[in-house]
Structures are given as C-alpha cells and as structure tokens.
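Please read this briefing alongside the sequence and the structure shown below.

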Amino acid sequence: MKKTILAMSAVAALLMSGCASDEAKATAPEAAPAHAEKAAEETKYPVGHEKHWDYVEHGPAHWEEFSKTCGKGHHQSPVNIIPGKSVEMNHTYDLSMHEDIHTSATVIDNGHSIKVTPKTGGSITLHGETFNLLQFHFHGKSEHTVNGKRYDMVVHMVHQNPETKQLAVVAVFFKEGKEDPILNDVIKNVGGSIEVDPQDLLPKDTAHYYHYIGSLTTPPCSENVQWYLLKEPVEASKEQIEAFRKYYVDNERPVQELNDRKVESN
Ligand SMILES: [Zn+2]
C-alpha cells in the first residue's frame with residue numbers, strides 16, 4: 001500500500017513539475033528524488049501505458065503529445081539569438097533583485113532539472129509591474145544559443161506577476177572558469193535545503209540583455225513568457241559543471257523558429 005501511494009504521488013508530482021512549468025503551480029507537491037520517480041513509474045505504469053515527457057524516449061519531438069502548444073505554438077522557446085539581427089531597445093529595466101535577501105530554499109531533483117525554491121525570493125520590476133522570484137533551476141547546457149553557440153550551463157530564474165500570473169524568466173549563462181559559490185551548495189544539497197541570496201546568481205552587469213516574448217521550454221510550453229537573457233555570463237568551475245552534469249547533461253530543448261518575433265537588445 002505504501003508503495004502504491006509513493007508511486008502515485010511521485011507520478012503526480014512528475015506530471016506537475018518540470019523546468020519553467022511548475023512556477024504557475026507553485027503549490028504543487030514537491031517531487032520525490034529522480035531515482036524514486038523512475039522506480040515508481042516503472043512499477044505503476046508498464047511500457048505502453050501512461051507516459052510522461054523527458055529528453056530521451058519522450059523527448060522534445062514528442063512533446064506535442066503532452067501539450068498541443070509544444071508542437072503548434074508559433075512563439076516558442078528557446079531560440080537562437082543573432083546579436084546582429086536584434087533590434088535596439090530604447091529602455092532598460094532594472095533586473096536586479098530589489099531586496100538583499102538571505103532565505104532558506106529547498107533543492108529538489110524534479111526529474112527534469114535541479115530546482116531551488118526559496119521561501120522568499122525577491123522581485124524584479126518591469127514596466128512598473130512586480131514579478132516575484134518563484135524558483136530557479138539549471139540546464140546542463142544553455143537552451144538559448146547566441147550565434148548558434150551553447151553556453152556551458154544556464155540558470156533560469158522564474159518570476160511571476162502575482163496578479164496577471166504572467167511569467168518572466170531571467171536567464172544567466174555560465175561559462176567555464178572560477179568556482180560559483182551557489183552551485184556548490186545546490187549540488188551538495190539535492191533533496192535538502194540551503195541558505196541562499198538569489199541575487200548572488202546574477203553577474204555584475206544586469207543592465208544589458210536580450211529580450212523577447214516566448215514560452216516555457218518544457219511541456220505545457222505555454223506562451224506569453226517574457227524572457228530576459230543577460231549578456232554577461234557568470235562562471236562555474238569545470239568540476240562544478242561536471243558535478244551538475246552527473247544529474248543532467250542534455251536537459252535542453254532544441255531551438256525553435258523565431259517566426260514573426262524580433263529579439264530586442266540593449
Ligand atoms: Zn529552464
């Protein structure tokens with residue numbers, strides 16, 4: 001009986017979790033560790049029965065089976081950024097966090113990424129609208145590319161306007177270099193909790209970025225997500241990148257067509 005309950009809750013958590021998709025369901029139950037999810041799934045759903053999305057067997061080419069928007073949407077993410085083709089912005093948003101926050105945060109392996117959910121995340125203001133930080137998670141390579149190049153890793157800081165529910169994701173690219181202070185804590189505490197100041201994830205320069213309107217990069221691939229991709233990358237050591245990739249190395253969706261959209265930059 002206990003096993004069945006675990007299986008059901010793990011699968012339910014799986015269905016409701018994932019990349020940028022769980023911010024809209026911030027109250028969703030936390031997922032069990034990935035190995036437990038896999039075991040539970042095998043027990044509960046034999047081959048050919050229920051399935052869930054992933055990056056391998058039920059990878060991006062099959063995500064339309066989980067949400068039509070993933071296959072039919074015209075404003076999907078990620079995209080390839082071509083700086084020479086981006087449109088100059090005539091405004092700059094303040095993308096730094098408004099408060100210097102030291103908060104406890106849970107760290108989970110949700111089956112698609114390592115996700116950190118702070119108790120109090122801080123906020124950003126865009127066009128006078130406040131977006132609260134709900135969670136941040138990592139990809140083993142960047143999802144957006146710049147001139148076709150993938151960065152070594154990326155963190156997606158997922159914010160939401162509490163009234164309109166619109167999402168704004170701030171992406172910070174990682175390149176190999178010196179050690180990142182937050183990443184060590186995250187990797188060593190999967191399944192536990194950490195003390196964190198989310199602002200420490202940001203590079204020095206938060207005033208220069210690429211901006212466009214896209215989607216969640218995981219099912220349900222919902223659109224009307226504001227993306228802010230900071231131009232200045234931060235650094236992580238080779239060891240840290242390797243340690244993260246022991247969890248996830250290919251959890252990035254292929255780039256999508258830009259269609260009628262323009263990428264802005266400043
Ligand atoms: Zn993401």
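## Overview

The chain has 5 helices and 15 strands, and the model described here is a predicted one. Of its 266 residues, 41% count as buried. Among the contacts in the chain with a separation of 6 or more, 71% are between residues 24 or more positions apart.

**Strand pairing around β3**

- Strand β3, which spans residues 103-109, pairs with strand β11, residues 193-196, in the antiparallel sense over 4 bridges, and within this pairing Ala-105 stands opposite Ile-194 of β11.
- Strand β3 is also joined to strand β4, residues 114-118, by 5 bridges, and these two strands run antiparallel; Ile-108 has Lys-115 in β4 as its bridge partner.
- The hairpin of β3 and β4 has 4 residues between the strands, and in this hairpin Gly-111 takes a positive phi near 90°.

**An open sheet of 3 strands**

- An open sheet with mixed pairing is formed by 3 strands in the order β1-β7-β8, and its edge strands are β1 (80-81) and β8 (149-150), each of which pairs on one side only.

**The largest nonpolar core**

- The largest nonpolar core has 53 residues, and those with the most contacts inside it are Val-169, Ala-171, Val-172 and Tyr-228.
- Strand β10, residues 167-176, contributes the largest share of this core, with 8 residues.
- When neighbours within four places in sequence are left aside, Tyr-228 is in contact with Leu-95, Ala-168, Val-170, Ala-171, Tyr-209 and His-211.
- As a general background point, nonpolar side chains tend to be buried together in soluble globular proteins.

- Residues up to four places away in sequence not being counted, Phe-131 touches Ser-123, Ile-124, Leu-126, His-159, Gln-160, Asn-161 and Ala-168.
- Phe-131 and Thr-164 are 33 residues apart in sequence, and their C-alpha atoms are 9.8 Å apart in space.

**Two helices with a buried side**

- In helix α5, residues 238-245, the buried residues are Gln-240, Ile-241 and Phe-244; they lie on the same side of α5 because they cover an arc of only 100° around the axis.
- The other side of α5 has Lys-238, Glu-239 and Glu-242, which are exposed.
- The cover over the buried residues of α5 includes β6, β9 (153-160), β10, α4 (181-188) and β14 (234-236).
- In helix α4, Ile-182, Leu-183 and Val-186 are buried, and seen down the axis of α4 the buried residues fall within an arc of 95°, so they line one face of the helix.
- Pro-181 and Lys-188 are exposed residues on the face of α4 that is turned away from its buried side.
- The buried residues of α4 pack against β3, β4, β11, β14 and α5, and among these elements β3 pairs with both β11 and β4.

Technical notes
Residues are numbered from 1 along each chain as its sequence is written. This is a predicted model: local features need pLDDT of at least 70, side-chain atom pairs count only at pLDDT 80 or more; totals for chains, interfaces and linings use all residues. Two strands pair if DSSP finds at least two bridges between them. A nonpolar core is a set of buried Ala, Val, Leu, Ile, Met, Phe, Trp, Tyr and Cys residues joined through C-beta atoms within 7 Å. A residue is buried if 20 or more other C-beta atoms lie within 10 Å of its own, exposed if 12 or fewer, and partly exposed in between; C-beta atoms are placed from the backbone. Two residues are in contact if their C-beta atoms, placed from the backbone, lie within 7 Å. The arc is that of the directions from the helix axis to the C-beta atoms.
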